Amino acid sequence: EPASLTKLMTAYLVFQALHEKKLGLDQMLTVSERAWRTGMTDASRMYIQVGKQVKVEDLIEGMIVQSGNDATVQLAETVGGSLESFVAMMNRQAQAFGLKNTSFKNVTGLTEPGHHSSARDLSVIASRIIRDFPEYYPIYSTKKYRFEGAPASNENNRNVLLSRDPTVDGMKTGYTEAAGYCL
């Protein structure tokens, strides 16, 4: 199970939408109830509130730095029209990349039957982000980001290696009970 490393593909498709001008960094999105409810679980969240307007750029930082499932759902709903459509987009992109051991069932990486990937496939997605969208790659090395209204404890990047080793430049970490710790 890839846990939050799933968000690499989610981010790739969001970056693609930005590149194609279907989405703008300064664009304001209204937080859906589904995105907000996703953030109400014990999993990682950005602390966005239902009905509030949030800038796409903030949602991206919330998805990458905070591993916010709420931010991830909001971005996926916006780009795909629905979560289900976005997951289908993720699987089509996985096929286009030639990924043989990946099947996405959700956008966040929370445990779900049939949701899986391999280290090789995830490394392909990571390398494609770096190659295809180098302008967004520096976000992965952001050490601190806190959305207004989030507790101060929700400030540090989930990737603690960024603060421990100056040669680490990011990408994604994840954890679920079923997957364990992922990097």
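First, what a pocket is here: on a 1 Å grid over the protein atoms alone, it is an open set of points where a 1.4 Å probe fits, with protein on both sides within 12 Å along at least five of seven lines, and its lining residues have an atom within 4 Å of a point. The model is predicted, so local features need pLDDT of at least 70 and side-chain atom pairs count only at pLDDT 80 or more, while totals for chains, interfaces and linings use all residues. Numbering starts from 1 along each chain as its sequence is written, and side-chain values use heavy atoms, with hydrogens and water left out.

**Stop 1: the second largest pocket.** Select Leu5, Leu8, Leu122, Lys172 and Leu183, which lie nearest its centre among 18 lining residues. The space here is about 230 Å³, where a volume is what probe spheres set on the points fill, with points joined across faces, edges and corners. Now colour helix H6 (residues 119–132), which gives the largest share of this lining, 4 residues. Helices (H or I, at least four residues) and strands (E, at least two) are DSSP runs, numbered from the N terminus. Colour by class and the lining of the second largest pocket splits into 11 nonpolar, 5 polar and 2 charged; Ala, Val, Leu, Ile, Met, Phe, Trp, Tyr, Cys and Pro are nonpolar, Asp, Glu, Lys and Arg charged, and the others, Gly among them, polar.

**Stop 2: the largest pocket.** Next, pick Ser44, Arg158, Thr173, Gly174 and Tyr175, the residues nearest the centre of the largest pocket, which has 20 in its lining. Strands E3 (174–176) and E4 (180–182) are the elements giving two or more residues to that lining. The volume is about 290 Å³, and the lining counts 8 nonpolar, 10 polar and 2 charged residues.

**Stop 3: a helix crossing.** Show H1 (residues 7–19) and H5 (residues 83–96): their axes come within 10 Å and cross at roughly 95 degrees. Axes are lines fitted to C-alpha atoms over the stretch in contact, with angles from 0 to 180 degrees between N-to-C directions. H1 and H5 are therefore roughly perpendicular, a label covering 65 to 115 degrees. For the contact (heavy atoms within 4.5 Å), select Met9, Thr10, Tyr12, Leu13 and Gln16 in H1 against Phe86, Met89, Met90, Gln93 and Ala94 in H5.

**Stop 4: Met63.** Buried or exposed? Met63, in helix H3 (residues 56–64), is buried because its relative accessibility is 0%; the cut-off is under 20% relative accessible area, with a 1.4 Å probe and protein chains only. Leaving out residues up to four places away in sequence, Met63 touches partners including Lys7, Thr10, Ala11 and Lys172.

Definitions and conventions
Parallel < 35°, antiparallel > 145°, perpendicular 65-115°, else oblique. Buried < 20%, exposed > 50% of the residue type's maximum accessible area, 1.4 Å probe, protein only.
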